[in-house]
Amino acid sequence: MTSIYDLENGNIAKTTEEESLLRIRSDDDSSSVRIRILREFVVNVRKVVFETKLFVLWPAIPMAFLADRYGFGRPWIFCLSLIGLAPLAERLSFLTEQIAYFTGPTVGGLVNATCGNATELIIAMFALHKRKIHVLKYSLLGSIISNLLLVLGSSLLCGGIANLNKQQKFDHKQADANTLLLLLGLFCQIAPLLFNHQHSMDLPKPVATSVLQLSRASSIVMLIAYVAYLFFQLKTHSQLFGSLEDEDDADDELEKETASIGFRSAFIWLCLMTIIIFVLSEYVVGTIEDASETWGLSVSFMSIILLPIVGNAAEHAGAVIFAFKNKLDISLGVSLGSASQILMFVVPLCVITAWIMGIQMSLDFGLVETGCLAFSVLLTAFTLQDGSSHYLKGVVLTLAYVVIGACFFVQHVPFDE
């Protein structure tokens, strides 16, 4: 037995050597646990915050908070918030991929389907809450057109130039499934538009009851179609949505692909960034009209062109990179999948949510807007019908987006709230 002083009580406590060793060992274990947690936190910060090419845009987020806190000009708040959303959208995609490593392909696909366009969905919900229906419709419409023409067009253009000596092919079955879904969504939007214009002299304003009823019924149909598409994609015909790669390359990729961070860490970071996106989205929706007036740009141009470019920055970069590597199936999955998700899930979800909130929102997006959407869907369908690609197709899609951007740049339409 050895005598060891109990410093706290001032008494002598007799313990065995084994007990003292266990106490020292437990103290070492607790300190090692704290060190391990700290080390894990530092690694997560490095991987989540700094391992992205958009990390230089992170300072825009606290600057947006400070601009709102100290009453800077509202256009500054809009600009900083818009810039800050770009890295958040990219990291949100990264975190959903990390979660998919632990949940499996089916649940992971559902997580990606839910969070893939979280930025657009959050902006839409804030616009709906503030009764800015025109901003909501414009932002969603712009995101669809941007994915179909800008993201896909620049991917085909860059991929075609980088692979001039290779024949670029892709599985048109995947493109056909997305195209069918887009055409159904287009029809559901055209029907209320035509109905409204046919009976515009007889129906009351601002939104006819019949058009509202038709829009809500069509929205339910669109949601059912999107659920069927998810079941088709993730369960019954998942083989159609895999990329066309050599087996050796696919095996190498599978060996390299491992989770960068743990499931719990990814989930915590996902929740944190979603909260920040909520705050910045509220800033964007609340200041877009002031920025429009200050900069002399129409709300339609800022909502249809500027917002989607920022929101789709991560998808845009990823699709172009895969096209450079001659992996067009992945590029098509990114662009067409995102467009289908917004048209068939986010848009009808907003209509149903507005219905529950007692807000009159229809699927009538306007004649010019719906015409641009129809042109984008049809042009994309014709571009992808033969299962092959070259840079000229990318040129055509990209220039079509430029024309649509010019159309809304010169459009100045007053809105009655």
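The bend at a residue is the angle between axes fitted to the seven residues ending there and the seven starting there. The model is predicted, so local features need pLDDT of at least 70 and side-chain atom pairs pLDDT 80 or more, while totals for chains, interfaces and linings use all residues. Residues are numbered from 1 along each chain as its sequence is written, and side-chain values use heavy atoms, without hydrogens and water.

**Exercise 1.** Determine where helix 5 is kinked and whether its residues are mostly buried or exposed.

*Solution.* Step 1: helices are DSSP runs of H or I with at least four residues, numbered from the N terminus; helix 5 covers residues 133–162. Step 2: its kink of about 40° is centred on Ser 146. Step 3: buried means under 20% relative accessible area, exposed over 50%, and partly exposed in between (1.4 Å probe, protein chains only). By this criterion, 26 of the 30 residues of helix 5 are buried.

**Exercise 2.** Identify the salt-bridge partner of Lys 393 and classify the accessibility of both residues.

*Solution.* Step 1: a salt bridge requires a side-chain nitrogen of Lys or Arg within 4 Å of a carboxyl oxygen of Asp or Glu. Step 2: Lys 393 pairs with Asp 386, with 2.8 Å between the closest N and O atoms. Step 3: Lys 393 is buried at 13% relative accessible area, whereas Asp 386 is partly exposed at 47%.

**Exercise 3.** State which parts of the chain the salt bridge between Arg 74 and Asp 290 ties together.

*Solution.* Step 1: the closest N and O atoms of Arg 74 and Asp 290 are 2.5 Å apart. Step 2: Arg 74 belongs to helix 3 and Asp 290 to helix 9, so the bridge ties together parts 216 residues apart in sequence.

Key: Helices (H or I, at least four residues) and strands (E, at least two) are DSSP runs, numbered from the N terminus. The expected span of a helix is 1.5 Å times one less than its number of residues.
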